[in-house]
Amino acid sequence: MNKKKIINDPVYGFITIRSELIFDIIDHPYFQRLRRIKQLGLTDLIYPGAHHTRFHHALGAKHLMGATLENLRNKGVEISDAEFEGAMIAILLHDIGHGPFSHALEFSLLEGVPHEQISRMIISKLNKEFNGQLDLALEIFNGSYPKKFLSELVSSQLDIDRLDYLKRDSFFTGVSEGTIGADRIIKMLDVHEGRLVVEEKGIYSIENFLSARRLMYWQVYLHKTSVSAEKMLIAIIKRARKLAKKEKPLFYTPALGVFLKEQVGIDRFVNEPAILDAFLQLDDYDVWAAIKVWVNHEDPILSKLCRMLLDRELFRITISNEPPSKEEIKADEAKIAEAYQLEAKDVKYYFSHGKLTNSAYMASDKEILILSKSGEVRGVTEAADLPNIKAMSKIVRKYYRCWPKDISL
């Protein structure tokens with residue numbers, strides 16, 4: 001069988017698969033599952049084109065990793081064929097631990113299990129199936145490989161993951177403000193004393209990259225309507241979990257049932273192989289199938305929420321610079337309880353409030369390093385005379401409240 005394939009990607013054109021091992025990983029059911037998990041969750045309710053998947057993103061990141069490693073080799077950086085392939089596999093599998101709707105259900109369907117930890121377990125599981133051929137990729141993914149720049153390409157503030165998702169999400173949403181010059185950034189990358197650095201002349205490209213990331217957070221990732229839809233989905237899952245634990249009649253696929261009926265934290269993933277196996281059967285389709293059935297459930301809260309989400313009758317949402325007071329929250333909850341004739345404990349399904357944070361750049365966390373012509377290495381905030389970069393290192397916080405539109409608060 002010919003495993004040297006070409007894939008036509010709408011963002012980059014033709015992506016070439018040259019490694020038989022990489023082809024076999026892409027062909028594996030665990031990786032194919034990513035076709036059934038949308039990259040941006042419910043964002044297509046706002047931007048109709050945002051139907052791209054984690055599968056798209058992983059392939060795009062692999063493509064950019066290949067271009068980056070070739071560029072570094074051309075600059076004299078020593079990268080063996082094994083390291084080249086290992087880094088490609090590490091970035092290809094970096095998001096394989098995402099569950100349905102990506103980040104939205106990470107802390108409701110699961111008990112606060114970050115997708116990175118699940119990715120690590122899945123890569124380890126695949127490594128056993130491939131007889132240790134993913135050892136090096138796993139070291140790079142874990143950040144334990146001696147050549148730190150390879151791990152920084154997989155996970156840092158200027159990693160290949162971000163270069164692809166900003167460019168790809170901008171393309172599929174049509175939000176042009178998120179467009180970045182990924183090719184130029186890649187050309188400006190180098191390695192100095194084992195660390196990933198950016199040549200000084202690339203600093204304006206970095207400013208554009210950070211600016212695009214901040215804009216994409218407000219316009220796409222933290223778009224208020226997207227936040228509203230996610231809160232509705234979380235409320236649906238919480239209500240379904242409550243009913244499932246009370247052993248009320250409830251439709252669910254076998255994989256979804258595991259996570260509705262049981263508390264699943266990281267310890268169970270580690271100690272019970274069946275939990276990870278169930279997770280690997282779970283995708284967006286399990287949740288949508290359940291929601292379509294739950295529309296007719298006898299529980300009025302579950303039924304109403306599912307109908308509202310399916311028909312895009314989304315919660316109203318307000319965003320402000322100051323958090324609402326406890327008195328305001330209590331008053332809002334009382335109005336909702338009265339309007340829907342709810343017990344106080346059930347108001348939470350129709351009302352949520354919280355904080356949104358946007359930090360385009362964290363100077364204290366794996367700082368982006370700039371290499372001057374004289375050979376000096378400095379952090380980008382220190383190296384730049386650009387006030388924008390310094391401003392973008394500040395965390396912006398906003399506060400939201402959301403509730404059904406037919407209730408006036």
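In this predicted model, two cavities of 30 Å³ or more are present, a cavity being a set of points on a 1 Å grid over the protein atoms alone where a 1.4 Å probe fits but cannot get out. Residues are numbered from 1 along each chain as its sequence is written. Local features need pLDDT of at least 70 and side-chain atom pairs count only at pLDDT 80 or more, while totals for chains, interfaces and linings use all residues, and side-chain values use heavy atoms, with hydrogens and water left out.

The largest cavity holds about 70 Å³ of space, a volume being the space filled by probe spheres set on grid points that are joined across faces, edges and corners. Its lining comprises 14 residues, and those nearest the centre of the largest cavity are G99, S102, E106, L110 and F279; lining residues are those with an atom within 4 Å of a point. By class, this lining of the largest cavity has eight nonpolar residues, five polar and one charged, where Ala, Val, Leu, Ile, Met, Phe, Trp, Tyr, Cys and Pro count as nonpolar, Asp, Glu, Lys and Arg as charged, and the others, Gly among them, as polar. The second largest cavity, with about 30 Å³ of space, is lined by E200, I370, S372, E376, R378 and A383, and this lining divides into two nonpolar, one polar and three charged residues.

Two or more lining residues come from each of β2 (13-17), α3 (54-74) and α4 (81-92), helices (H or I, at least four residues) and strands (E, at least two) being DSSP runs numbered from the N terminus. Helix α3 gives the most to the lining of this second largest pocket, with five residues, and the lining as a whole has seven nonpolar, four polar and five charged residues.

Elsewhere, helix α11 (residues 224-245) packs with helix α16 (residues 300-310) at an angle of about 150°, their axes lying 10 Å apart; axes are lines fitted to C-alpha atoms, for helices over the stretch in contact, and angles run from 0 to 180 degrees between N-to-C directions. Helices α11 and α16 are therefore roughly antiparallel to each other, a term used for angles over 145 degrees.

Note on methods: 1 Å grid on protein atoms, 1.4 Å probe; cavity = no way out; pocket = protein on both sides within 12 Å on 5 of 7 lines; lining within 4 Å. Parallel < 35°, antiparallel > 145°, perpendicular 65-115°, else oblique.
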